[in-house]
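Subject: Structure handover

Hello,

Here is the structure I promised to pass on. Please open it first, then read my notes below.

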Amino acid sequence: MYLALLVIFLQCSEVYAQGKVFTFNRVEIRVQPSVKVKNGAPMSISCHADISKNTDFQLKHNFTIFKDGKLVFMTVSDKEDAWYEIPAAKSSDTGDYECTVKADGKLGFSNSIYVWVAGMTKPILTADKKEVVEGEVVKLRCELPEEVPPLEFVFRKIKTNSAPKEKRVPEQNQNFSEVEYYVEEGDNILQFDCFGKRQVRSGWESSQHSNRTLVTVKEPFIKPTLITKPSNNVTEGDQIEFECSTVVAQIRDIEIIFQKNRTILNSVRDKKFLRYSTVATQEDSGEYLCKVEQGTVSKTSKLNVFVSELFPRPTLSASMTKLDESKDLILSCSINGVRRANFSILRKSPSGDVLLKNSRVLPIKVSVNDTGFYTCKAEVKGIVKESKSVRINVYAPVSKPTLSVVSGSPEVVLGKPLQLICHSVMGTPPITFTFYKGDEIKKNVTNDTYATFLDEDIGLNDNGGYKCDARNNHSSGVKTSNILNVTVIVPIRDASLGSIPYGEVEVGSDTAFLCSVKEGSWPIDFKFFKKTDHEVLLHEVREYSDRTIWHKKTMKRRDTGTYYCMASNRASVDVRSRPITISVILAVWQKGVIAAFVLTAMAGAGAVALWWFLRKKKKAKGPSMEMSGSPLAPNLTSEKLTRQPSDGNYYSGSGYIEDNENHMKSTDESKDSMENRNSRIYGHPDAT
């Protein structure tokens, strides 16, 4: 029985479990009346869950509505719909809405829907003052109480018959903004308003304009009055007076400034008026300005004045503007249409004008020191006018120029540039110098006292023909220098060294060394050297020739070695020859003496050896016969013969023979050298 009940219970549980099956078909979000709602109108957002069930059973639905990802509404219902009611929509309700539904562990999501609440609330504008004085500041506050930042506020300053002046202020963290307006001159009655803006998906949206706030402005002083006496149209020499005045509520710290262009002519403080007078000149024509300042407030008035010309500017004329010294110059000053005036003629100077004469005409016998600028002045009725400056140039004649080489010496190395200088001691600059090479003009230079010329094309035949001319504006004309002859120095080329005799020289004989060059200007310095551990100078000489011979007397064995020569001239380039080798050997008679001595020594040594041999042989016959029967005799004789060569009086002579043969050979060679001496050439081929 219990088993049957258990089976029935399990089957009922399975059936119950199978009856709770459901699934979300979709979740929808809707907006009433539409996705675009006017600001202040009611708005309703609904969330609907479309669910399929296997049986009819109740589910608890958890509804959640989000705006721009933030939770704005949540409720639990057994119904499949939930409503989020907004009685009066605001612009801050604009955004992306979506909803989720959760039931028995399952979750459904809706799509996103964009809701736009069109329009913004009207802002509120307040001012900290209702009445201000020019120069003060008005502080305004604009607020959008029901709006959410970020916002942008636009303030407007409204004046009659002029466009409003706007100030834009962005606010990222608050729904109000404050600005200050400076009250300027002429701001009599001011009106202010403001409006707000916010950025929506379709662009910018603006609120209505706020209420207009009225601000009354008081003047601390009135705009100044500027007048002239007798009028603003006068003639040079007339007295003209300016007067500037104002009406001020508080005279303390008031300042009146009178100026022309940017130049302040007069000013007063703590006074209501200012006066300024002067004798009118033509330069006084123009615009004048009177400015009244108090604190930060400034007001101005302007007036144009025209001054008629009493007489024109004088003219200074010169009989000549360029003339020779000691010539006569006449300066005259005149005014077109006016004869009666006080004239004066002056010379301009950096330290101030120098009065030459109070007259209309000035005659001068000029000198060079009279060169400069001159002017004249004319006075009529106290009005003084000055003419334009006239430049007078007085010229002294140039002296005969001198032409020289910059380096000092009138010579140049072939292939090197030549720099010349032409100089005139006297003469008023500018001076024009002309350089000639032969009859050809090479260069024209204008300078004060000298000029230079660089000739880079120097040839072997350019040994003179340079001259220069000098001239200035003096009537004497051109002066010409003397002709400058320049020597062209040819550098040394290819030095060579030879000797007589060449190669081998007998002791005690003389040797002639010949050093020569292929090319080079005279004089030439020749130097002879012998090579040792260091260079040894043996002889030096200066020759006006392309070669020189040095005779070295009595050659010795120590003179054997290597020789070379070196040549140089004013081109300052040392040219060295190839070296030659000289061997100093014994003379023929010296070799003969040595040979005779050696032969005599050898003959004497031979005679001694023969005598000794014969004597020993004679002595050996007796003992050998007496001891012929003794077996030791041969041994003793053998020992004696063997020991004899070790005697100190014995000389083999082989060394002398060898030396004699060498000396003979040298003598023969020397003989051949002497026989061929005249047929040999001196020196090696030319060397560089």
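Counting the bonded cysteines in sequence order, the pairing runs 1-2, 3-4, 5-6, 7-8, 9-10, 11-12. A search of the whole structure gives six disulfides, where a disulfide is a pair of cysteine sulfur atoms within 2.5 Å.

Before the details, some ground rules. This is a predicted model, in which local features need pLDDT of at least 70, side-chain atom pairs count only at pLDDT 80 or more, and totals for chains, interfaces and linings use all residues. Residues are numbered from 1 along each chain as its sequence is written, and side-chain values use heavy atoms, with hydrogens and water left out.

Disulfides

Start with Cys47 and Cys99. Their sulfur atoms are 2.1 Å apart. The link is right-handed, with 75° about the S-S bond. Cys47 sits in strand 3 and Cys99 in strand 7, 52 residues apart, so distant parts of the chain are linked. Strands (E, at least two residues) and helices (H or I, at least four) are DSSP runs, numbered from the N terminus. Cys47 counts as buried because its relative accessibility is 0%. Cys99 is buried too, at 1%. Buried means under 20% relative accessible area, exposed over 50%, and partly exposed in between (1.4 Å probe, protein chains only).

Next, Cys142 and Cys194 are joined, S to S 2.0 Å. This link is right-handed as well, with 80° about the S-S bond. Cys142 lies in strand 12 (residues 137-143) and Cys194 in strand 16 (residues 189-200), so the pair ties together parts 52 residues apart in sequence. Cys142 is buried at 0% relative accessibility. Cys194 is buried at 0%.

Then Cys515 and Cys565, with sulfur atoms 2.1 Å apart. The torsion about their S-S bond is about 70°, so this disulfide is right-handed. Cys515 is in strand 47 and Cys565 in strand 51, so the pair ties together parts 50 residues apart in sequence. Both cysteines are buried.

Strand 51 and its partners

Strand 51 (residues 561-568) is mostly covered: seven of its eight residues are buried. It pairs antiparallel with strand 48 (residues 524-531) over seven bridges. Two strands pair if DSSP finds at least two bridges between them. Asp525 stands opposite Ser568 of strand 51.

Strand 53 (residues 580-585) runs antiparallel to strand 51, joined by three bridges. There, Thr562 faces Thr581. Strand 52 (residues 575-576) also pairs antiparallel with strand 51, over two bridges. Met566 has Arg576 as its bridge partner in strand 52. Strands 51 and 52 form a hairpin with six residues between them. Ser572, in the turn, has a positive phi of about 60°.

The sheet with strand 47

Strand 47 (residues 511-519) and strand 50 pair over six bridges. Thr511 has Lys552 as its bridge partner in strand 50.

The nonpolar core

The largest nonpolar core has 27 residues. Such a core is a set of buried Ala, Val, Leu, Ile, Met, Phe, Trp, Tyr and Cys residues joined through side-chain atoms within 4.5 Å. Phe24, Met43, Ile45 and Tyr97 have the most contacts inside it. Among the elements that give two or more residues to this core are strand 1 (22-32), strand 3 (43-53) and strand 7 (95-103). Beyond four places in sequence, Met43 touches residues including Val31, Tyr84, Tyr97 and Val115. Contact means heavy atoms within 4.5 Å.

Two loop residues

Thr121 lies in the loop between strand 9 and strand 10 (124-127). It counts as buried because its relative accessibility is 12%. Its contacts beyond four places in sequence include Asn39, Leu144 and Ser207.

Ser319 lies in the loop between strand 27 (315-318) and strand 28 (322-324). It counts as partly exposed because its relative accessibility is 43%. Beyond four places in sequence, Ser319 touches Asp328, Leu329 and Ile330.

The whole chain

The chain has four helices and 53 strands. Of its 688 residues, 36% count as buried.

Best wishes
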